[in-house]
Amino acid sequence: MNLVFKNIALLILMVLLPAVLAGQNTPQFDQLKQRFENDFVFKSDFTHEYNDTFTGDQQVTTGVIWVGKEQYKMRSGESIMLVDSEISRVFDNNKNRVIISDYVEEEDDFAPSRMLQGVDDSYNVEEYQDEEGGTVIELTSDDPFSIFLNVSIFLNASGTPTRIVAIDQVENELITHFSNGEFIQRAPEIFQFEYPEDAEVIDLRHDS
């Protein structure tokens with residue numbers, strides 16, 4: 001579940017690309033990034049599909065996600081994950097267990113900062129309007145070290161994400177659909193992490 005959560009978050013965090021790309025003609029993309037800069041949080045129900053092109057297997061995950069500038073939280077089934085710039089926390093209700101670990105960006109291929117640093121040099125960004133008045137943002141890379149070859153971010157006419165489609169280096173397809181998505185003002189309780197007092201806590205942090 002950890003990897004599934006990170007895959008989903010990675011796709012969404014691609015909207016937080018560095019400002020160096022703002023020089024391209026991408027007004028809707030720039031406006032989307034500005035919402036996060038202004039401390040708004042994207043909240044949405046989601047359905048995430050991972051399609052393995054080699055085996056034909058498909059994994060489907062559903063839940064609710066909250067994405068802020070430096071944090072994200074996801075709830076799916078009996079699990080919830082909260083990640084910030086220092087700590088990763090995962091609660092599994094089925095096992096009544098919490099796993100806490102250091103959030104080490106250098107060791108996490110899905111870390112937002114590594115993603116942002118890589119995108120800035122290796123991705124080309126374009127956007128165009130679709131037939132329904134929304135916007136499609138296309139990110140492409142021919143860098144063999146990029147995580148994705150292509151990412152398409154679909155926005156509705158209000159500039160809210162409705163879908164993200166990504167193709168990775170081995171041509172697996174990752175699709176995240178959003179429903180009831182909205183940008184809300186950040187509040188402290190959004191990124192609170194709560195679990196039962198009797199839950200088993202496994203703390204893997206180096207200083208614990």
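Student: Which residues of helix 2 are buried in this predicted model?

Tutor: Good place to start! Helix 2 covers residues 27–37, and the structure here is a predicted model. The residues of helix 2 that count as buried are F29, L32, K33 and F36.

Student: Why do the buried residues lie on the same side of helix 2?

Tutor: Think of looking at the directions around the helix axis. The buried residues F29, L32, K33 and F36 are on the same side of helix 2 because they cover an arc of only 95° around the axis.

Student: How many residues of strand 5 are buried?

Tutor: Strand 5 runs over residues 87–92 and is mostly covered. Of its six residues, the number buried is five.

Student: Which residue in strand 6 is the bridge partner of V90?

Tutor: Let's build up to it from strand 4. Strand 4 (residues 79–83) pairs with strand 5 in the antiparallel sense over five bridges, and M81 has V90 of strand 5 as its bridge partner. Strand 5 also pairs with strand 6 (residues 97–102), again antiparallel, over six bridges. In strand 6, the bridge partner of V90 is I99.

Student: Where in the hairpin of strand 5 and strand 6 is there a positive phi?

Tutor: A hairpin of three residues joins strand 4 to strand 5, but you are asking about the hairpin that has four residues between strand 5 and strand 6. There, a positive phi near 50° is found at N96.

Student: Is the aromatic pair of F42 and F183 stacked, edge-to-face or tilted?

Tutor: A search of the whole structure finds five aromatic pairs, and F42 and F183 form one with 5.2 Å centre to centre. The angle between their planes is 40°. Planes under 30 degrees apart count as stacked and those over 60 as edge-to-face, so the rest, this pair included, are tilted.

Student: Which ring does the charged end of R163 sit over?

Tutor: Compare a lysine case: the charged end of K73 sits over the ring of W66, 4.7 Å from its centre. For R163, the charged end is 3.9 Å from the ring centre, and the ring belongs to F154.

Key
Residues numbered from 1 in each chain as written. Predicted model: local features only at pLDDT ≥ 70, side-chain atom pairs only at ≥ 80, totals over all residues. Heavy atoms only, no water. Buried < 20%, exposed > 50% of the residue type's maximum accessible area, 1.4 Å probe, protein only. Helix = DSSP H or I, 4+ residues; strand = E, 2+ residues; numbered from the N terminus. Arc of directions from axis to C-beta. Pairing = 2+ DSSP bridges. Phe/Tyr/Trp six-rings, centres within 6.5 Å; stacked < 30°, edge-to-face > 60°. Lys NZ or Arg CZ within 6 Å of the ring centre and 35° of its normal.
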